[in-house]
Amino acid sequence: MKVVATCLLLLPLLSMAQTNTETDEHAIREVMDRFMDAWNRHDAKSFAAVFSEDADFTNVRGSGATGRAKIEVFHAPVFATIFSKSHQEYTDIKTRFLRPDIAAVDVRWKMTGAMDPQGNPRPEREGLLNFVMLKNDARWQIVVMHNLETSARPPPK
């Protein structure tokens, strides 16, 4: 009888935890929606806004920037050139909560409309974004981002 009573007392806590996880997964997906929307509008300021003030960003070539302001500065010229006609979307999101306020997030992406430095169209691209996200003041932000391109590319000349 004690076991049944204990289970009945714990059941609301379990359902509350599940609700919080679902709420946080939804909030993380909203961050990814804002990330993709800013990319597709080629808006460096909005793009950087989903990152924490002290975030670290690394692109597919291993270059990057630290801090929201530098992430914005890093993206402004590529949004005006090689990615000015690009469109990116996510195809899958996998979230693993390391703690209630820290999540590792893998996002599969596809991109069309990118150009090489000479302005020639590049083929469709695919890759994986890997994020560490932190919930601070009830708001999820990217604190670390690494980008990996998984589509085949011709060797550099």
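Predicted model: local features only at pLDDT ≥ 70, side-chain atom pairs only at ≥ 80, totals over all residues.
Residues are numbered from 1 along each chain as its sequence is written, and side-chain values use heavy atoms, with hydrogens and water left out.

Ser 86 sits in the loop between α3 (68–80) and β3 (87–99); helices (H or I, at least four residues) and strands (E, at least two) are DSSP runs, numbered from the N terminus. Leaving out residues up to four places away in sequence, Ser 86 touches Trp 39, Asn 40, His 42, Met 111, Thr 112, Gly 113 and Ala 114, where contact means heavy atoms within 4.5 Å. A polar atom of the Ser 86 side chain also lies 2.8 Å from the backbone oxygen of Phe 83.

Phe 83 belongs to the loop between α3 and β3 and is buried, at a relative accessible area of 12%. With residues up to four places away in sequence not counted, Phe 83 touches Trp 39, His 42, Val 78, Met 111, Ala 114 and Arg 125. The C-alpha atoms of Phe 83 and Met 115 are separated by 6.5 Å, although these residues are 32 residues apart along the chain.

Next comes α3 itself. Buried residues in α3 include Ile 71, His 75 and Phe 79. They cover an arc of only 60° around the axis, which puts them on the same side of α3; the arc is that of the directions from the helix axis to the C-beta atoms. An α-helix has 3.6 residues a turn, so residues three or four places apart point the same way. On the face of α3 turned away from its buried side are the exposed residues Lys 70, Val 73 and Ala 80.

As for the largest nonpolar core, Met 32, Phe 35, Phe 51, Phe 131, Met 133 and Ile 142 touch the most other members among its 31 residues. Such a core is a set of buried Ala, Val, Leu, Ile, Met, Phe, Trp, Tyr and Cys residues joined through side-chain atoms within 4.5 Å. The largest share of this core, 7 residues, comes from α1. Beyond its neighbours within four places in sequence, Met 32 is in contact with Tyr 90, Ile 93, Val 107, Phe 131, Met 133 and Ile 142.

Note on methods:
Polar contact = N/O pair within 3.5 Å; in protein donor to acceptor, adjacent residues only side chain to side chain. Buried < 20%, exposed > 50% of the residue type's maximum accessible area, 1.4 Å probe, protein only.
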